[in-house]
Amino acid sequence: MINRWPETDESKQLLIDQVKSFAQKVIAPKAKELDETGRFPTEIVAQLSEMGLMGMMVPEEFGGSGMDTVSYAMAMEEVAAACASTAVVMSVNNSLVCGPISYFGNEAQKKKWLVPLAQGKKLGCFALSEPGAGSDPGGLRCHAKKVDGGYSVKGTKNWITNGKEADVCVLFATTDPTKGSKGISAFIVDTKSKGFQVAKLEDKLGINASSTAQLFFDDVFVPADCLLGEEGQGLKIALHTLDGGRIGIAAQALGIAKCALEASKKFAQEREQFGAPIAKLQAIQWHIADMATRLHAARLLTWNAARNKDLGLKYTQEAAMAKLSASESAMWIATKAIQVHGGYGYTKEYVVERNFRDAKITEIYEGTSEIQRLVIAAQEFAQR
Ligand code: CAA
């Protein structure tokens, strides 16, 4: 199986080897406990920060590692193969928080906010979704009213990854409700601001060690210099950011799928039925073959989207295809993995049970599979 991208140079390979070794030796042994307790992996995130993995694509002058998106996808896959919860904490900080500040922030905003986020000294969250605006962020209601010196924000945000631990929030709110989606603006908000509240933590099926929070903004004052980009540019900033985010989530799904495949191969070689390891049975070999093929196809789509981003080419459709393929493959592969494990796979003793639960969210967050299909189809028709 091809595990190398043609352009993988030695420094990239070294990084991936380091991340893989760290993920397997340090993160993987803790993943079961993290899943069971729902404990945020503080010490692991601190180590990821030291390794330069919390702001991988941010230029070095702003505290990041200055790496490309292909490296990011490869590192994300390795972290997710060990612990999907840790991976989404890393993905949100890299793609959804450092991403838009790098791209749309001014020099002062980058110095103030991006540097500590990229260094991992601060953690970020991305607050776009609302109780009534998930797949349709253009319909959001959170209101940023102009006041002396800035804005006063009032509203509710839902399903916000890292919402409980975040120091910084990239927030989307309407500055002009009469303009609909063209009235949405983006802000950088200090979560220590008066009126910012973590209202509720979701009790979830998977990715249990990452927080998913409902946030209340109760007349939170946001200074004028925290406006990200221009007023009214918010939806475009959000959708542009999500293009990059979808590559990260695709890579997270690859990691979950890889973990399920590797566990299945190991199990099939150890488990004996009918007098021989079940890996000798064609029925099992076919499952493994299909799992490996789907994983590899999704990986190539993901690396292709990442490369397009690195080369400055369009990648909206490529990122949507990558996320659609990787997330649906992860769910499919995790389901097959339980089948290969039989009754054992249905128990919490085996990692594939967690893979199955963790895989599901990759078909939902940062755009459901249905939204990815909409994006892909829109691009198809635009090209005609
Ligand atoms: N990049 C930049 N701009 C874009 C863009 C992109 N990829 N896609 C569209 N735009 C622009 C359009 O050009 C348009 O601009 P104009 O008005 O100037 O022409 C504007 O944005 C609106 O575009 P559309 O009319 O196409 O937008 P729409 O309202 O019809 O929505 C959609 C399209 C594909 C459904 C989009 O809303 C979407 O992706 N929805 C899913 C949202 C999502 O992923 N939510 C997840 C939230 S994050 C999360 O999961 C939480 C977490 O913590 C992990």
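How far does a polar side-chain atom of K236 lie from an oxygen atom of the ligand? In this predicted model, local features need pLDDT of at least 70 and side-chain atom pairs pLDDT 80 or more, whereas totals for chains, interfaces and linings use all residues. Residues are numbered from 1 along each chain as its sequence is written, and side-chain values use heavy atoms, without hydrogens or water.

The K236 separation is 2.8 Å. Such a polar contact is a pair of N or O atoms within 3.5 Å. A side-chain N or O atom of D243 lies 2.7 Å from a nitrogen atom of the ligand. The protein covers 68% of the ligand's own 1100 Å² of accessible area (Shrake-Rupley method, 1.4 Å probe). At H240, a polar backbone atom is 3.5 Å from a ligand nitrogen.

The shell around the ligand holds 21 residues, each with a heavy atom within 4 Å. S135, K182, K236, D243 and E366 come nearest. By class, 9 shell residues are nonpolar, 7 polar and 5 charged; Asp, Glu, Lys and Arg count as charged, Ala, Val, Leu, Ile, Met, Phe, Trp, Tyr, Cys and Pro as nonpolar, and the others, Gly among them, as polar.

Helix α6 (234–270) gives the most to the shell, with 7 residues. β3 (150–161) and α10 (369–383) each supply at least two. Helices are DSSP runs (H or I) of at least four residues, strands (E) of at least two.

Key:
Polar contact = N/O pair within 3.5 Å; in protein donor to acceptor, adjacent residues only side chain to side chain.
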